[in-house]
Amino acid sequence: MKRVIILGSTGSIGTQTLNVISRNLSNFKVVGLSCNSNIELLNAQREKYGVEFACCKCLPDKDKGIFATESELIGAVKYDILVAASGGVDSLDAVVTSLLNGKAVCIANKELLVCAGEHVMAASHKGRLIPVDSEHSAIYQCLQGESEIDSVTLTCSGGALRNMPIEKLSDATVEDVLKHPNWVMGKKITVDCATMMNKAFEVIEAMCLFGLPKEKVHVVMHKESLVHGYVTFKDGSIKALISPPNMELPIAYALNYPNRIENINFDLSGKTLTFTEPDIERYPLFKLVLDNLDKPLFPSFIAGVDEIVVDHFLKGFISYGEMHKIINRAVLMYDKVYESNANSYSPIGLYECGRKVVKKLLRI
Ligand code: MG
């Protein structure tokens, strides 16, 4: 019986992790849950799974076993697996501490790897870090028992606006953007899929998880979302991971690693698989991030910028087109921002700085 803590249990990945666990209660016991503010759902989850301790950043209540920080939660509970599924960078300490204590960490939190990948990877040697992001889970699975790698390729569905005429993109509404053709995910990541900012973050994630330079991480458009990623080996052979677009599969793999549990049946017959080059004109933010990737700490900065801008778009304050313009303006300011503060900056500092710079641009 593995004891599991889920950070971000009320979000999309958190609730799907609980679905996987509820079908495998003889293998797993939930011993800790955390959320940002959705205390009602958190309490319902605690009751359903009999969880004594939790963390709610906005509404802590020690008498009821609800801590204010995830670090307190992991310090109070005996566990084997930490599922890191909260957004932002607040769970960095909990993730690093868990790894240093030899725990298995199933990582679904993109910002942590984008902003503080080196830090997380340095700690990962003591524990085990298993990616939950579907593309990275695919690569991780393809790499089992392999070492002669040439490159890795992440697939990309193109997001909700992939068929919208380019001249209409700037007026796309929140509703348009949230209609992802293949995946059911949280709102922020669904917007990032439409702009392909998500794929730029995933390139950074892959560089960090698999220790590869940017040139060895490729992206192809694959509208069926059945191949999630593939590895090209030195002899030119390709190994790909194929499964339906369902996050419960990579979650179950990460929880059970190195074993597999019974899951959905899937048949490839009658399916068509297509692969094409990304259309840079449709996804300018993808190119923008990759072009600036060699600048020190740029990933942290852009992760902070994107978080604020996407939130502003989701609230209806700016249009899809304005979202692109603001991100472009923030990126143009990066060299100056970095130079004037270089000595005192850490990855998390640059993430905060990205948030601050763009809040000024948005006057919030
Ligand atoms: Mg992904």
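Me: Starting with Glu352, is that residue buried, partly exposed or exposed?
Reply: Glu352 counts as partly exposed, at 38% relative accessibility (buried is under 20% relative accessible area, exposed over 50%, and partly exposed in between, with a 1.4 Å probe and protein chains only). This is a predicted model, in which local features need pLDDT of at least 70 and side-chain atom pairs count only at pLDDT 80 or more, while totals for chains, interfaces and linings use all residues. Residues are numbered from 1 along each chain as its sequence is written, and side-chain values use heavy atoms, with hydrogens and water left out.

Me: Which residue does Glu352 form a salt bridge with?
Reply: The partner is Arg355, and the closest N and O atoms of the two are 3.7 Å apart (a salt bridge is a side-chain nitrogen of Lys or Arg within 4 Å of a carboxyl oxygen of Asp or Glu). Both residues lie in helix α15, 3 residues apart, about one turn of the helix (helices are DSSP runs of H or I with at least four residues, strands are runs of E with at least two, and both are numbered from the N terminus).

Me: And how many salt bridges does the structure hold?
Reply: There are 19 salt bridges in the structure. One of them joins the side chains of Asp291 and Lys287 at 2.7 Å, N to O; because these two are 4 residues apart in helix α11, about one helical turn separates them. Lys287 is partly exposed, at 39% relative accessibility. Another pairs Lys64 with Asp61 at 3.9 Å, N to O, where Lys64 is exposed with a relative accessible area of 57% and Asp61 is partly exposed at 27%.

Me: Switching to the metal, what are the protein donors of the magnesium ion?
Reply: The donors are Asp133 through OD and Glu135 and Glu202 through OE, lying 2.1 Å from the ion (donors are N, O and S atoms within 2.8 Å of the metal, or 3.2 Å for Na, K and Ca; water is not among the atoms, so sites may look incomplete).

Me: How are those donor residues spaced in sequence?
Reply: The spacing reads D-x1-E-x66-E. Glu135 in helix α6 (residues 134-142) and Glu202 in helix α9 (residues 197-210) are 67 residues apart, so that this pair links distant parts of the chain.

Me: Are Glu135 and Glu202 buried or exposed?
Reply: Glu135 counts as buried at 8% relative accessibility, and Glu202 is buried as well, with a relative accessible area of 1%.

Me: What does Ser300 contact, leaving aside its neighbours within four places in sequence?
Reply: Ser300, which lies in helix α12 (residues 298-314), is in contact with Val114, Cys115, Pro347, Leu350 and Tyr351 (contact means heavy atoms within 4.5 Å). At 1% relative accessibility, Ser300 counts as buried.

Me: Which residues does Pro131 touch, again not counting those up to four places away?
Reply: Pro131 touches Ile107, His136, Ser137, Tyr140, Leu209 and Ala254. This proline is found in strand β7 (residues 128-131) and is buried at 1% relative accessibility.

Me: Last topic, the overall fold: how many helices and strands are there?
Reply: The secondary structure comes to 15 helices and 11 strands. The radius of gyration is 20 Å, close to the 21 Å that the globule rule gives for 364 residues, so the protein is as compact as a globular protein of that length (the radius is taken over C-alpha atoms, and the rule is 2.2 Å times the number of residues to the power 0.38). Of the 364 residues, 54% count as buried, and residues 24 or more positions apart account for 66% of the contacts with a separation of 6 or more.
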